[in-house]
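Student: I've got a new model open on my screen. Can you walk me through the fold?

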Amino acid sequence: MDVLSVVQHLRDLAADPRNRLTIVKDQSSLQSLVLFLDNDDSNVVNTALEALYFLSKCSTNHSAMKSELGMIISLQTIIKSEKSTKKTRDLATAVHSKLCGTQSDGSISSSIRKVKQYVLQVKGLMDDTCRRLAEEKLLSVTGVISFTFNMAKKRCTVRTKKEVKPKTLCEAISSTKIMRAEQVVKKQTGEETTVSYDSNPKFEEPKPKSADPEYLPEADLAELEENKTAIARSENASSTKSGGWFGTVSGFLAKSLYW
C-alpha cells in the first residue's frame, strides 16, 4: 500500500463520524497525517488536509489534534507558503480555524520562525527498507515535526522545533550502523558542502546488490529444490512483520475502523 492509498483510506474513514474519535486516539494515524502534510505530492497533502478537516468536525478531538507535535506549525506553514495552491491553503485554513479559531498573520509568522529545517545527506540510503529504518530513528527524536526523503539524491529534509540540533538528527540515523547522515550546508559562494558529526569518519557505503546469475550449476539447483519448502516458510514468516510506522498505520486501518 503506497502513501496516497493510505491517506485516502484515512480520509474515507474520517468521513464517517463513527471513526473520528478512534483515529485521533490512535497515535500512529494522527502522527502520520501530520507527516503527510510535508509530502512533495500535492494530492497527498490535500487528501491529508481533507482527513484532518473531517476529524476536526468532532469537537472532542480538538485538544488532542492541537497538541499533536507539528500539527499547528505544519498548517501555518502551508497557509503562509507561496507554493501552496488556493485549494491547499483553503483546506489548511479551514482546519486551523476549527482547531484554533482565527489567528493573525503576525502570530502565524511568529510560530513559523520557531521552526528549523535541515537537509541531511544520508549515505547508505539504498532502498525502502533503509528509508523506513531512518524514519523510525527520526520519529524517536523529540522535536521532529516532519520529514521527506529524496531517494534519488539520498537526502532527507527534516523540519524540527528550534531546540533540535542537526547533530542529534545525524546521530539518530547513523545509529543504524548501516547508514551515515551528514548535514548539507551552503557556503557563502552558494556551493553546497556537508558537515559530519560522526566521531568515526570511516564509513563505507554499501554497494548495490549485483543481479543474480542467469543460471545455476545443476548441483545448486538440486539443493535449491530440496530446500524450497523451508525457503517459502521463512519468507512467509518475515512478511508478517511490521514495516515501521507505515506498516502500523496500514494494519490499523484494516483492523480497527468501520468500512
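Tutor: Start with helix α10 (residues 166–174), which lies across β1 (115–123), β2, β3 and β4. Helix α10 runs at about 150° to β4. Axes are lines fitted to C-alpha atoms, for helices over the stretch in contact, and angles run from 0 to 180 degrees between N-to-C directions. Helices (H or I, at least four residues) and strands (E, at least two) are DSSP runs, numbered from the N terminus.

Student: Before we go on, what kind of model is this?

Tutor: This is a predicted model: local features need pLDDT of at least 70, side-chain atom pairs count only at pLDDT 80 or more, and totals for chains, interfaces and linings use all residues. Residues are numbered from 1 along each chain as its sequence is written, and side-chain values use heavy atoms, with hydrogens and water left out.

Student: Back to α10. Which of its residues are buried?

Tutor: Pro166, Leu169, Cys170, Ala172, Ile173 and Ser174. Buried means under 20% relative accessible area, exposed over 50%, partly exposed in between (1.4 Å probe, protein chains only).

Student: And what covers them?

Tutor: The cover includes β1, α9, β2, β3 and β4.

Student: What's the strand order in the sheet?

Tutor: β2-β3-β1-β4-β5, an open sheet of 5 strands with antiparallel pairing. Two strands pair if DSSP finds at least two bridges between them. The edge strands are β2 and β5 (192–195), each pairing on one side only. From one strand to the next, the twist averages 35°.

Student: How many bridges join β2 to β3?

Tutor: There are 6, and the two strands run antiparallel. Strand β3 covers residues 155–161. Phe149 stands opposite Cys156 in β3. The hairpin has 4 residues between the strands, and Lys154 there takes a positive phi near 55°.

Student: Is β2 (residues 144–150) mostly covered or open?

Tutor: Mostly covered, with 6 of its 7 residues buried. Phe147 counts as buried because its relative accessibility is 6%. Phe149 is also buried, at 15%.

Student: How many aromatic pairs are there?

Tutor: The structure holds 1. Phe147 and Phe149 form it, edge-to-face, 6.0 Å centre to centre with 80° between the planes. Rings of Phe, Tyr and Trp (its six-membered ring) pair if their centres lie within 6.5 Å; planes under 30 degrees apart count as stacked, over 60 as edge-to-face and the rest as tilted.

Student: New topic. How many residues are in the largest nonpolar core?

Tutor: That core has 29 residues, and Leu33, Leu52, Met71 and Leu75 touch the most other members. A nonpolar core is a set of buried Ala, Val, Leu, Ile, Met, Phe, Trp, Tyr and Cys residues joined through side-chain atoms within 4.5 Å. Its largest share, 7 residues, comes from α4.

Student: What does Leu33 contact, leaving aside neighbours within four places in sequence?

Tutor: Val7, Leu10, Ala48, Ala51, Leu52 and Leu55. Contact means heavy atoms within 4.5 Å. Apart from this core lies another, of 21 residues, including Val122 and Cys170.

Student: Why is helix α6 (residues 71–80) described as largely enclosed?

Tutor: Because 8 of its 10 residues are buried. Among them are Met71, Leu75 and Ile79.

Student: Last one. How many disulfides?

Tutor: The structure holds 0. A disulfide is a pair of cysteine sulfur atoms within 2.5 Å.
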